[in-house]
Amino acid sequence: MPSPNNTDFSPSSFILSGTPRLEVARFWLAFPLCSMYLMAIVGNGAVVFIVKTERSLHAPMYFFLCMLAAVDLALSTSTMPRMLSYLWFDWREISFGACLLQMFLIHSLSAVESTVLLTMAWDRYMAICHPLRHATILTNPMTAKIGLAAMARGVLFGLPLPLLIRRLSFCGSNVLSHSYCLHQDIMNLACTSITANVVYGLTAILLVMGLDALLIALSYFMIIKAVLQLSSRKERVKAFSTCVAHLCVVLAFYMPLIGLSVVHRFGKGLTPLVQVVMGDVYLLMPPLLNPIVYGARTKQIRRRILRWILHH
């Protein structure tokens, strides 16, 4: 294992950390994290299974929900097993190639999730503001094309990141501040200029997550405007209630993402524990909360789950 203080350090591997001031409780901390991971796997897996097997749910709204659950499954699986192996077995070392792969998956899947959330907001906008055109525009083939476009966008967003990291020279410490690999975390260990990494990272996140968040906000502005024009209070409540689950999921994704980006770029004076907590919340909360929120708010999914429980 390379020494963290070796000034001739070659990035053949990195050393994971992620529990500052909690080393004694690290073993026990893994149990609630493992429980959250299993709940995320079961919840998102159930959503994918129900949408796939229930023919009445073969509609764009539920296909987008299935995409969201699949992305959450991939995102949590790309990080949690490695994190748990560190917490339980003290497997701190991760090879340079594995670290870059994990970094690529985290950032690419986050971009895919952001795109899916934007598409779901557009789906709600069309359903409420243009209900007659909704079924003719958002067909099942169009939904499949949107899913492929979301994946392509995520790959294009994440692909330059490993290439930008490979061009850097490293020296001194090889200890990461998280128990997984993030672009911002790795580039800060370099002893050469990281200007290209900073410029691309900031530009990409503004053009992907930032633009998506702006368009989602615009969609909800138009939705609220249309809902307020309805004559009946009951109709207004019914129309907006279809958006509550999606709005909760959007907040659960973007709030930790914004917090983590701000902490990494402007929180140099904060304790390392703050960065770690923000990073864990960013990766763990959306996959855990999304199936719970949609399971509670979507009648068809809730009935299917209750039917399955009662029959077993």
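Predicted model: local features only at pLDDT ≥ 70, side-chain atom pairs only at ≥ 80, totals over all residues.
The sulfur of Cys129 has its closest cysteine sulfur in Cys243, 8.8 Å away, so the two are too far apart for a bond. One disulfide turns up in a search of the whole structure. Helix 9 spans residues 195-228 and has a kink centred on Leu206.

**Cysteines and the disulfide**

- Cys99 and Cys181 form a disulfide, with an S to S distance of 2.0 Å.
- The two partners lie 82 residues apart and link distant parts of the chain.
- Cys99 sits in helix 4 (residues 96-129).
- Cys181 sits in the loop between helix 7 (160-166) and helix 8 (183-187).
- The S-S torsion of Cys99 and Cys181 is about -120°, which means the disulfide is left-handed.
- Both Cys99 and Cys181 are buried.
- Cys66 also counts as buried, because its relative accessibility is 17%, under the 20% cut-off.

- Helix 9 has 34 residues.
- From first C-alpha to last, helix 9 reaches 47 Å. That is close to the 50 Å expected at 1.5 Å a residue.
- The kink in helix 9 is about 35°.

**Helix 9: buried positions**

- Buried residues of helix 9 include Asn197, Gly201, Ala204, Ile205, Val208, Met209 and Asp212.
- Further along helix 9, the buried residues include Ile216, Ser219, Tyr220, Ile223 and Val227.
- An α-helix has 3.6 residues a turn, so residues three or four places apart point the same way.

- Asn197 belongs to helix 9.
- Asn197 has a relative accessible area of 0%, so this residue is buried.
- The side chains of Asn197 and Arg167 make a polar contact of 3.3 Å.
- Beyond its neighbours within four places in sequence, Asn197 is in contact with Leu164, Ile165, Arg167, Leu168, His183 and Met187.

**Arg26 in helix 1**

- Arg26 is placed in helix 1 (residues 26-53).
- The relative accessibility of Arg26 is 11%, so this residue counts as buried.
- Arg26 and Trp88 are 62 residues apart along the chain, yet their C-alpha atoms are separated by 7.5 Å.

Technical notes
Residues numbered from 1 in each chain as written. Heavy atoms only, no water. Helix = DSSP H or I, 4+ residues; strand = E, 2+ residues; numbered from the N terminus. Expected span 1.5 Å × (residues − 1). Bend = angle between axes of the 7 residues up to and from the residue. Buried < 20%, exposed > 50% of the residue type's maximum accessible area, 1.4 Å probe, protein only. Polar contact = N/O pair within 3.5 Å; in protein donor to acceptor, adjacent residues only side chain to side chain. Contact = heavy atoms within 4.5 Å. Disulfide = S-S within 2.5 Å.
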